Amino acid sequence: MGAAAIRLERNDPPAVQKKLFCGVAAKLVPPAAPAVSPDGPRVAIVLARDDTCDVALVAVDGLPWPRRVSHADYAWDPTWSSDGRRLAWHEWDLPNMPWDGSRIMTVVVDEPDAVAILVAGGDD
């Protein structure tokens, strides 16, 4: 794989167009991203595509490839616990809109096989 970079562009607000990892285009969408971990080496980002938005983790140096932590149609607003062990975000699945049915999820980030836990909300 080629080198990775997260590049901020001033001329494309509010959604900042990015070139991430081998030229794959994605958007980091404020205010959801980026959220730097309290200890500094990781960033939680929102990867926005035409049909979905995912919360993913990436190292500040851009390597390795981002690790997707959300598994819903749309996920936003990643935030870190104060100790940097957990990440939380807001998510929902279509056909719902967030005001119809959404969830607050959390996951332990240093456990690659960790399953996200429902903190609040639901599909109704």
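Colleague: In what order do the elements of this protein run from the N terminus on?

Modeller: They run β-β-β-β-β-β-β-β-β-β. That makes ten strands and zero helices; strands are DSSP E runs of at least two residues, helices H or I runs of at least four, numbered from the N terminus. This is a predicted model, so local features need pLDDT of at least 70 and side-chain atom pairs pLDDT 80 or more, while totals for chains, interfaces and linings use all residues. Residues are numbered from 1 along each chain as its sequence is written, and side-chain values use heavy atoms, with hydrogens and water left out.

Colleague: How much of the protein counts as buried?

Modeller: Buried means under 20% relative accessible area, exposed over 50%, and partly exposed in between (1.4 Å probe, protein chains only). Here 41% of the 124 residues count as buried.

Colleague: Which residues have the most contacts inside the largest nonpolar core?

Modeller: A nonpolar core is a set of buried Ala, Val, Leu, Ile, Met, Phe, Trp, Tyr and Cys residues joined through side-chain atoms within 4.5 Å. The largest one has 17 residues, and Val55, Leu57, Val69, Trp80, Leu87 and Trp89 have the most contacts inside it. Two or more residues come from each of S4, S5 (53-59), S7 (74-80), S8 (86-92) and S9 (103-108). There's also a second, separate core of five residues, with Val43, Leu47, Ala56 and Val58 among them.

Colleague: Now Arg42: is it buried or exposed?

Modeller: Buried, because its relative accessible area is 17%. You'll find Arg42 in strand S4, residues 42-48.

Colleague: What does the side chain of Arg42 make a polar contact with?

Modeller: A polar contact is a pair of N or O atoms within 3.5 Å; within protein, one must be able to donate a hydrogen and the other to accept it, and sequence-adjacent residues count only if both atoms are side-chain atoms. The side chain of Arg42 makes one with the side chain of Asp110, at 2.5 Å. A polar atom of the Arg42 side chain also lies 3.3 Å from the backbone oxygen of Gly84.

Colleague: Which residues does Val36 touch, leaving out those up to four places away in sequence?

Modeller: Contact means heavy atoms within 4.5 Å. By that rule Val36 touches Arg42, Val43 and Trp80.

Colleague: Which residues form the nonpolar patch on the surface?

Modeller: Leu94, Met97 and Trp99, with about 360 Å² of accessible area together. Met97 is in the loop between S8 and S9, and counts as partly exposed because its relative accessibility is 35%.

How values were computed. Patch = residues over 30% accessible without salt bridge, like charges linked within 9 Å, V, L, I, M, F, W, Y side chains within 5 Å. Areas by Shrake-Rupley, 256 points an atom, 1.4 Å probe, with all protein chains shown as cover. Salt bridge = Lys/Arg side-chain N within 4 Å of Asp/Glu carboxyl O.
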